[in-house]
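Let's take a walk through this structure together, one residue at a time. Keep the sequence and the 3D view side by side as you read.

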Amino acid sequence: MKQVVLTGIKPTGILHIGNYFGAIKPGIELANNPDYDCYYFIADYHALNIIKDKQTLKDNTFEMAASWLACGIDPKRVVFYQQSKVPEVTELNWLLSNVTSKGLMNRAHAYKAMVEKAEANGDDPDAYVNMGLFNYPILMAADILLFNTKLVPIGQDQKQHVEMARDIAKAFNKRYGYTFVVPQDLISEGVGLIPGTDGQNKMSKSHNNIIPIFATEQELKKLISAIKTDSSLPTEPKSTDCALFNLYKLFATEEQRAAMAKRYAEGISWADAKAALFELINNYLSPMREKYNYYKAHPEVVKQILAEGSQRARAVAKETIKRARLAMGLD
Ligand code: TRP
């Protein structure tokens, strides 16, 4: 029996190389492993909570799907779908709501953060909380439990949500008999933090120091030439403990990495080091950029892939719903 691996992708903004090495590349590697059956989806139901503009939600959903496909998600290996096109998610959400205590939801970090913010501002504690935010962990449990998921690849920030999905699965199984696989999180150590172009140790949109995956060649060149370096002279030996070298390492083979470390020690100029980094990254990203441009020009191809993914997802989802309804006495 293959293990089911499932993860949701929030359709927010531009993807950068930190996202690529942190989530997308590990996701592709899991999908290429024959031991796993992978389900990846664009979490547009979850995004409703943050994105209130209709066109933005549509654009971001398409953008995210096109991006993951361009990075190499193979829709034959992965059931790749749009969450809201699998309405069984919302049915399970309701069923699970009835075995979930409010106390469990009260402990969710995202909810608590909003309450604390309101209290700090002297507002009513729930002033910033809608039910979409409050119920977020139950919807996420529905995503996970619907597909008999064993492993949920996520970042550290989502760990509590997977814990809650486990609690909800166990509560249901205890009350109604074994129905759901109890999932566990899969937090990849991965490559660690990806440095930003400003030399900070984390690339992040909020730090404004990102390299977008699909930057044009000119944009990429400009971003790389602006990476912060120290003031050592062109012929002086350079330390490899810098953003420039750490970025190089991510894209390089062992041999390239060793050869570049040698050039640093021998005193490569920062200008040459940047030119080498540009070439390496550009070679790596350009096939992805081409695919991305293709999908942008052919949105119907992306929509067709998502539609097929949703069909395949629904076939499994319907079986799970049938089981849950029977267990609860609805049918
Ligand atoms: N909440 C996740 C995030 O913010 C996205 C998500 C939604 C998800 N449903 C999921 C992740 C199910 C894993 C499994 O990133």
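Predicted model: local features only at pLDDT ≥ 70, side-chain atom pairs only at ≥ 80, totals over all residues.

A residue is called buried under 20% relative accessible area, exposed over 50%, and partly exposed in between, using a 1.4 Å probe and protein chains only. Residues are numbered from 1 along each chain as its sequence is written, and side-chain values use heavy atoms, leaving out hydrogens and water.

Back to N208: look for it in the loop between strand 5 (184-186) and helix 10 (217-225). Helices (H or I, at least four residues) and strands (E, at least two) are DSSP runs, numbered from the N terminus. N208 has a phi near 60°, which is a positive value in a residue other than glycine. N148 has a positive phi too, near 55°, and sits in the loop between helix 8 (136-145) and strand 4 (151-153). N148 is partly exposed, because its relative accessible area is 24%.

Now for T61, in helix 3 (residues 54-71). Is T61 buried or exposed? It's buried, because its relative accessible area is 7%. Setting aside neighbours within four places in sequence, T61 is in contact (heavy atoms within 4.5 Å) with P11, I42, D44 and Q82.

Finally, find K174 in helix 9 (residues 159-176). K174 is exposed, because its relative accessible area is 76%. Between K174 and G13 there are 40 Å in space, C-alpha to C-alpha, and they are 161 residues apart in sequence.
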